[in-house]
Amino acid sequence: MTYRVSIFIELQEGVLDIQGKAVERSLAGMGHDALRSVKVGKYIQVWVETGSAEDARKEAERMCDDLLVNSVIEQFRIEVEGE
Amino acid sequence: MEYTQAGLRETEYEEIRRVLGREPNECELRIMGVMWSEHCSYKSTKNLLKLFPNNGDRVVLGPGENAGIIDLGDGLGAAFKAESHNHPSAVAPYQGAATGVGGIIRDILALGARPVASMDGLFFGEPSSSRTQSLASGIVHGVGGYGNAVGVPTVGGKTAYDPSYNENPLLNAFCIGLIPLDEIVSSRTARPGQAVVLLGSKTGRDGIAGAAFASVELSEDNKASRPSIQIGDPFGEKLLIEACLEMNEKKLIVSMQDMGAAGIISSSSEVAAKSGVGMILHFDKIPLRAENMEPWEIALSESQERMLLIVDRSYLHEVMEVAEKWELDCAEFGETVEGDEYTILFHGERAASLPATLIGDRCPLIPWPSRRPADLEKKWEFDVDDIPLPEDWNETLLSLLADPSLASKKRIYEQYDSMVQLNTVIGPGHPVSMLRIKGRDSLIAMTLDADPWKCSLDPFRGGAETVARTVRDLAVAGARAAGLTDCLNFPSPEVPEQYWVLEECVKGMAEACGAFDCPVVSGNVSLYNESPDGAILPTPVVGTVGIIPSIDAALSAGTWEEGDVLFLVGPCNPSLAGSRYLLSQGKLAGRPLPFYPEAEKDFVERALKTASAKAAHSGRALSGGGLAAALAKESMESGIGASISLSIPTRKDILLFGEGCARALYAVPMSRVPLFKVLWNGYPCIQLGRVGGERLSVEGAFSLTVSELLSKWRNG
Amino acid sequence: MNTAVIVFPGSNCDQDVMHAVAGSLGTKVRAVWHKETTLPEDTDFVILPGGFSFGDYLRCGAMAARSPIMKAVAEHGRRGGLLLGICNGFQILTESRLLPGALLPNRTLNFVCRPCFLRVESVSTPFSSLFSKGQVVQFPIAHGDGLYTLPEEELKALEDRGGVVFRYSDSDGLTGDDANPNGSANNIAGIVNERGNILGLMPHPERASEALTGGEDGRVFWQSILESFTKGGR
């Protein structure tokens with residue numbers, strides 16, 4: 001079955017998120033007083049053909065390790081949906 | 001479908017019917033609507049453009065091709081062209097600018113030339129408005145984002161600000177490439193029986209009818225027309241460049257054409273018409289990115305990073321191999337045939353069948369009525385006695401230097417890779433950019449300029465002055481102008497007064513080109529640059545290219561040395577009309593000085609001799625901000641001051657801030673003063689003072705330290 | 001000394017670096033396409049050039065680091081062979097874990113291209129042996145993602161072992177924040193691995209290898225490499 005896997009990638013805590021800071025400054029400058037903080041990350045979708053949702057997750061995790069995520073600076077979480 | 005929906009005028013529709021001898025079908029109507037749009041057909045300006053001189057000793061290829069080519073000597077040519085991408089940049093600044101850069105690079109590539117440098121002309125609205133800031137930021141990022149990645153250095157350009165560009169910013173992209181003259185790829189060499197090949201990205205719905213979009217005014221309605229915006233992929237373009245150059249080097253292609261405005265239809269029909277062949281195209285064979293595309297959509301798609309190749313069948317296999325190496329899609333989708341018939345087949349049906357020569361060439365020209373604006377003389381009424389002398393000269397100079405149009409553009413050009421390819425001898429931030437040619441002594445010099453304000457006050461004189469400024473800049477740097485390219489950015493030609501301004505600008509430019517023997521070898525026209533807020537200033541942008549015989553004959557700017565003697569060459573009665581000085585006070589008034597061909601030519605010859613005889617350490621032709629701005633820039637860049645006394649009866653503000661005429665500021669080492677005086681004997685030449693110290697002082701006017709000048713010029 | 005310059009799709013300084021090495025040293029330089037799986041047998045020195053490999057899509061250098069040729073490049077480095085990554089090449093080295101840390105977008109979020117002063121921090125590497133310690137040299141920079149980052153303890157370890165070879169400075173060699181063009185930790189512009197044979201460098205020495213275009217400080221850089229190679233026979 002085909003699963004759609006959504007991968008959310010963000011910088012690890014402690015790694016300076018310059019884009020987040022820039023967006024934060026802009027939003028604050030526009031008067032969004034409720035704003036507390038901003039993080040900018042990446043959202044990647046992959047479609048995989050596997051036997052189970054768990055296998056789809058494992059396959060996606062391998063993709064993250066192999067290429068999609070740089071574990072020196074980034075962290076990720078995965079959501080799996082059947083199609 | 002009504003012909004008006006396709007954007008055709010009645011006379012145009014009738015002409016199509018007459019030639020076909022039948023009603024065009026919908027696909028044909030849509031194709032003709034785009035191909036006969038202003039952007040593709042030049043129907044409003046073709047006659048005007050004939051006024052430009054196109055021939056010269058060095059011209060190898062003139063207008064009508066993808067770009068012009070001038071002869072650099074010893075079998076090498078420089079291909080160059082400038083093109084506007086104004087409307088797309090107004091609607092989607094980053095992508096509009098990026099694809100503008102990508103498009104002009106492919107124009108150069110289409111001739112088989114390796115693109116070696118870019119320049120850009122940017123015209124933005126009021127710098128303080130947030131709208132301008134976001135447009136400018138997007139456009140600058142787009143130029144850099146594309147140019148940097150594709151590996152073509154951005155070595156110069158022009159950035160100016162005026163409220164008339166608030167809603168309609170201008171992006172003009174210039175590119176120059178190098179090509180051995182015996183390797184030029186022509187669009188006139190296709191023969192019947194050859195394969196028509198599409199190389200590069202897949203074809204999608206992006207940018208459909210972008211050319212038509214560029215041929216109407218920007219309005220609230222079409223601001224939402226996001227589908228017109230193409231997405232640029234500089235990575236894809238880089239692969240395309242390498243693949244095309246490899247194919248050309250291996251002599252695998254007969255003809256090549258880039259796919260810009262009106263994509264497949266424009267590129268293929270142009271090759272067919274110019275080569276005198278017909279074509280049968282199988283649209284089912286084109287790799288598509290979107291589903292259920294109609295044949296007219298495929299024909300008109302402006303998906304980026306695609307090239308059309310005409311290939312002799314015996315080389316098809318090798319072409320495919322090169323494409324595969326660079327991981328590019330490559331599909332044969334048609335063949336050239338005898339005759340003039342241009343046929344599109346789709347799903348087994350004849351989607352369109354038109355004479356190839358009709359598509360690109362035979363749009364009826366429009367003789368727009370022309371009327372001299374009634375308020376022209378009124379703009380000239382300006383009494384210099386009404387302008388008080390500055391109360392605080394220091395403050396006046398500092399605020400002039402902080403004027404965004406004159407101020408340092410470092411923050412912009414540092415975002416561009418200006419050095420990749422290792423040819424940049426003089427990069428951005430100088431009046432003239434210089435490239436070395438590896439393995440040779442000679443340098444290529446180039447500059448891009450515009451003076452919309454003088455064009456709006458007196459279009460003829462302004463047009464001539466625009467050309468003259470570039471030629472003077474080059475001459476002072478030691479380069480004889482060999483040819484130029486232009487972007488004519490104007491509002492709608494349908495307003496008689498606006499058409500008159502366009503006409504006069506072209507005439508003025510043509511006069512100067514003729515006088516300097518500097519032919520126009522390529523260019524483009526962008527009309528309908530207006531929004532509900534109004535029209536842009538008439539903005540002809542000129543990119544001029546010259547050759548410096550050797551590095552020894554090059555003269556730099558901003559290289560004063562302690563003890564140098566400063567000279568002003570040129571008349572002492574410039575004009576404040578349309579000057580940066582008056583503009584910075586919010587005044588656009590007066591009549592700019594006329595163009596004096598004899599004096600200009602005299603200036604050029606003397607300036608060239610000054611450079612080749614090494615009679616000066618530094619030289620700068622005067623332009624925006626006049627003598628004062630030139631003194632300040634030379635002083636700031638050299639990091640040293642000067643003391644100057646002006647013993648001339650001319651009003652000091654006119655002498656210091658006036659513009660126009662062939663004038664230059666030179667710094668001459670003491671030992672070369674006699675030689676310098678001989679070279680300029682018979683031309684107005686006055687000694688201004690000496691270089692030295694930390695202050696730039698003009699007796700009876702300003703006195704400021706170099707760091708005070710720098711801080712204002714750089715930071716506003 | 002035979003040099004191999006790896007060409008990835010999107011590399012755009014490959015020709016420049018070949019021109020500079022050949023022009024400065026007169027030694028043999030070859031281009032090697034990323035799809036090769038082996039280096040030419042007699043390769044002594046490998047350069048990963050600048051540019052936008054694979055469009056810099058996903059992360060700068062990420063996809064290049066997984067290219068077929070990179071196994072051979074890593075093996076060359078592991079054997080102690082000289083390996084240099086310039087700009088995008090530096091990013092490829094960190095993405096390959098051949099060097100520690102990562103390169104993030106410049107703190108201005110803008111691409112920046114200009115001449116830059118660097119202070120030579122270590123002369124005990126093959127890439128810097130002909131400079132003197134503390135010497136200020138000028139190489140241009142041209143990058144959008146040059147902010148070098150490393151967890152604090154690792155940064156300290158890198159500094160302690162003298163792994164920082166070049167630091168952004170002003171013309172007097174002062175390494176204040178004003179002289180930091182991208183926000184790099186400790187003004188770091190170039191680092192070596194522990195063994196000292198792999199250098200990652202954000203600035204472009206190939207753009208400072210001729211008087212006419214960018215100056216000549218880069219020639220000393222190339223000459224250092226040749227001399228160390230000749231002496232050490234790496």
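**Close-up views of the chain C interfaces**

**View 1. Salt bridges link chain C and chain B in this predicted model.** Across this interface, 4 salt bridges are found by the rule, a salt bridge being a side-chain nitrogen of Lys or Arg within 4 Å of a carboxyl oxygen of Asp or Glu. One salt bridge joins the side chains of D417(B) and R207(C), with an N to O distance of 2.8 Å. Between chain C and chain B, 9 residue pairs are in polar contact, both residues at pLDDT 80 or more; a polar contact is a pair of N or O atoms within 3.5 Å, where within protein one must be able to donate a hydrogen and the other to accept it, and residues adjacent in sequence count only if both atoms are side-chain atoms.

**View 2. Elements of chain C that touch chain B.** Two or more residues of this side come from each of α1 (14-25), β6 (112-120) and β7 (136-143) of chain C. Helices (H or I, at least four residues) and strands (E, at least two) are DSSP runs, numbered from the N terminus. The most is given by β6(C), with 4 residues. By class, this side of chain C has 14 nonpolar, 7 polar and 6 charged residues; Ala, Val, Leu, Ile, Met, Phe, Trp, Tyr, Cys and Pro count as nonpolar, Asp, Glu, Lys and Arg as charged, and the others, Gly among them, as polar.

**View 3. Extent of the interface of chain C and chain B.** Contact (heavy atoms within 4.5 Å) involves 27 residues of chain C and 28 residues of chain B. Together the two chains bury about 2,300 Å², 62% of it on carbon and sulfur atoms; buried area is the accessible area (1.4 Å probe) that two parts lose on being put together, summed over both. In chain C, the most area is lost to chain B by F111(C), C113(C) and L212(C), together 23% of what that side buries.

**View 4. The interface of chain C and chain A.** Here 16 residues of chain C are in contact with 18 residues of chain A, and about 1,300 Å² is buried between them, 67% of it on carbon and sulfur atoms. The rule finds 1 salt bridge across this interface: R59(C) pairs with E74(A), their closest N and O atoms being 3.5 Å apart.

**Notes.** Residues are numbered from 1 along each chain as its sequence is written, and chains are lettered from A in the order in which they are written. Local features need pLDDT of at least 70, side-chain atom pairs count only at pLDDT 80 or more, totals for chains, interfaces and linings use all residues, and side-chain values use heavy atoms, with hydrogens and water left out.
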